[in-house]
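Morning, everyone. Please look at the model on the screen while I talk.

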Amino acid sequence: INATRLFSTLYGQTLNVGRVMTPTLAMAVMREAAISAFKSEPFYTVQLAMDGFTASSERFKKQSEAEALRTACNGQMAKVTKAERKEKSEKPPALYDLTSLQRDANRVLGYTAQQTLDYTQSLYEKKLCTYPRTDSQFITDDMADTALRRVSLVCEHIECCKEISVPEPDIKRIVNNSKVSDHHALLPTDEIATADITALPEGERSILFLISAKLVCAVASPHKYEAVKVKLNCENTAFSASGRTVMSDGWKQLEASIKNRLKGNDDNEDKEEQEKSLPELSQGQVFERVSADISEHFTTPPKPFTEDTLLKAMETAGNKDYDEDSDVEKKGLGTPATRASIIEGLVKRGYLERKKKQLNATEKGINLIDVVPDEVKSAKMTADWESELQNIEKGNSSASDFMQNIERFTSDICKRYCSIAENK
């Protein structure tokens, strides 16, 4: 409130400043600036074609360097210097909290965060899903039998999951008491067995399908595959190739089957799944008279934010090194319950605009971020405040100390930037 009054007075127009809204807008503006400043540059790789697979060199900025290597390698011998095969396992996804549901609904169905919240809230009021405004992706151990029962109900009554079988649901992997605070992860309820789901509005039905499908995938078996990495040497230059062979589809087979029945397409399909399997290779193996060619590529700019990627950026804004599988507590901007309204507020005030799935900063939004100081638009500072408020709630920090720091911060900002008006 103080910052809004201060900067509106200084610049003679209403400039809305918020501890969550402004850093969120700043991330979008910085992304726009990075895209605008980006200059695509070509780069080149040399490809060696052998029986059943292709190996690539490192990148070259100059085509002449790549051409020299191609000429040197064409028709020559390539030798395998390293062949590494590892069995790997990709565990099933966690259940939905509100933010992860909003992200998937935007990516797969094109819904805004606010639409997803509204649809989920309506499902909750119709007693078809559990409480939506949750930040947990787990359930408590006393809910294990309930979750097991609902897996069966989903496979029997939810259209996109019918004829899908989960022989031995692994309920233990979705149970974690320590990661459930006020509300557990989103689940469908027992009422799906008796409700007329076909009578639901399309948006609500699609969200219920997503929540139900996530439960089925979360308790399915892991996806297992063999990852292969190969290094070769040709004319004293290193080449590499990689691939994978699926050993057990596991939960990914269920996910693929469900996605095919849902509306829309996922624009961010896992590129790793497109890797081809490699033939049996061993260290020291030699390929005679390989064929060499040049492949031209271009560097690509950062992608504009979508609601999916902006929600992720908001959720992890205060974490320096974020990992989806990490146990580190997220330091985010806002809460699962407020992030949708923050984005909607930025759009309604004209700071962001939607272009299909993209969220772009407007000239008005760029101008606002240009004039507010770094400490006001700092995502890390706001995320640290949010984290400190959580510590106060848990009794681990002092509320009075926190408020003194806020008062000091506000006073310093006002004193420092009042000089702008005095010097006009």
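I will go through a sheet, a helix that crosses it, and some salt bridges.

First, the ground rules. This is a predicted model, where local features need pLDDT of at least 70, side-chain atom pairs count only at pLDDT 80 or more, and totals for chains, interfaces and linings use all residues. Residues are numbered from 1 along each chain as its sequence is written, and side-chain values use heavy atoms, with hydrogens and water left out.

Helices (H or I, at least four residues) and strands (E, at least two) are DSSP runs, numbered from the N terminus. Two strands pair if DSSP finds at least two bridges between them.

Now the sheet. Its three strands come in the order β8-β10-β9, the sheet is open, and the pairing is antiparallel. Which strands sit at the edges? They are β8 (305–306) and β9 (352–355), and each pairs on one side only. As background, strands of a sheet pair through backbone hydrogen bonds.

How many bridges join β9 to β10? Four, and β10 covers residues 358–361. One example: glutamate 353 has asparagine 360 in β10 as its bridge partner. β9 and β10 also form a hairpin, with two residues between them. Lysine 356 lies in that turn, and its phi is positive, about 55 degrees.

Next, the helix. Helix α2 (residues 21–37) lies across β8, β9 and β10. Its direction is about 90 degrees to β10. Axes here are lines fitted to C-alpha atoms, for helices over the stretch in contact, and angles run from 0 to 180 degrees between N-to-C directions.

α2 also meets helix α11 (residues 363–371). Their axes come within 10 Å and cross at roughly 110 degrees. That makes α2 roughly perpendicular to α11 (under 35 degrees is roughly parallel, over 145 roughly antiparallel, 65 to 115 roughly perpendicular, the rest oblique). Who makes the contact, meaning heavy atoms within 4.5 Å? On α2, the residues are Thr22, Leu25, Ala26 and Val29. On α11, they are Gly365, Ile366, Leu368 and Ile369.

Last, salt bridges. One is a side-chain nitrogen of Lys or Arg within 4 Å of a carboxyl oxygen of Asp or Glu. By this rule the count is 19.

Take arginine 150 and aspartate 190, at 3.1 Å from N to O. They are 40 residues apart: arginine 150 is in helix α6 (residues 144–157), and aspartate 190 is in the loop between α6 and α7 (202–218). Buried or exposed? Buried means under 20% relative accessible area, exposed over 50%, partly exposed in between (1.4 Å probe, protein chains only). Arginine 150 is buried, at 12%. Aspartate 190 is partly exposed, at 27%.

Glutamate 344 and arginine 354 form a salt bridge at 2.4 Å, N to O. Glutamate 344 is in helix α10 (residues 339–348), and arginine 354 is in strand β9, 10 residues apart. Glutamate 344 is buried at 13%, while arginine 354 is partly exposed at 30%.

One more pair: aspartate 374 and lysine 377, at 3.7 Å, N to O. Aspartate 374 is exposed, at 57%. Lysine 377 is buried, at 18%.

Finally, a network. Arg103, Asp104, Arg107, Lys214 and Asp308 are joined by salt bridges that share partners.

Terms used: Contact = heavy atoms within 4.5 Å.
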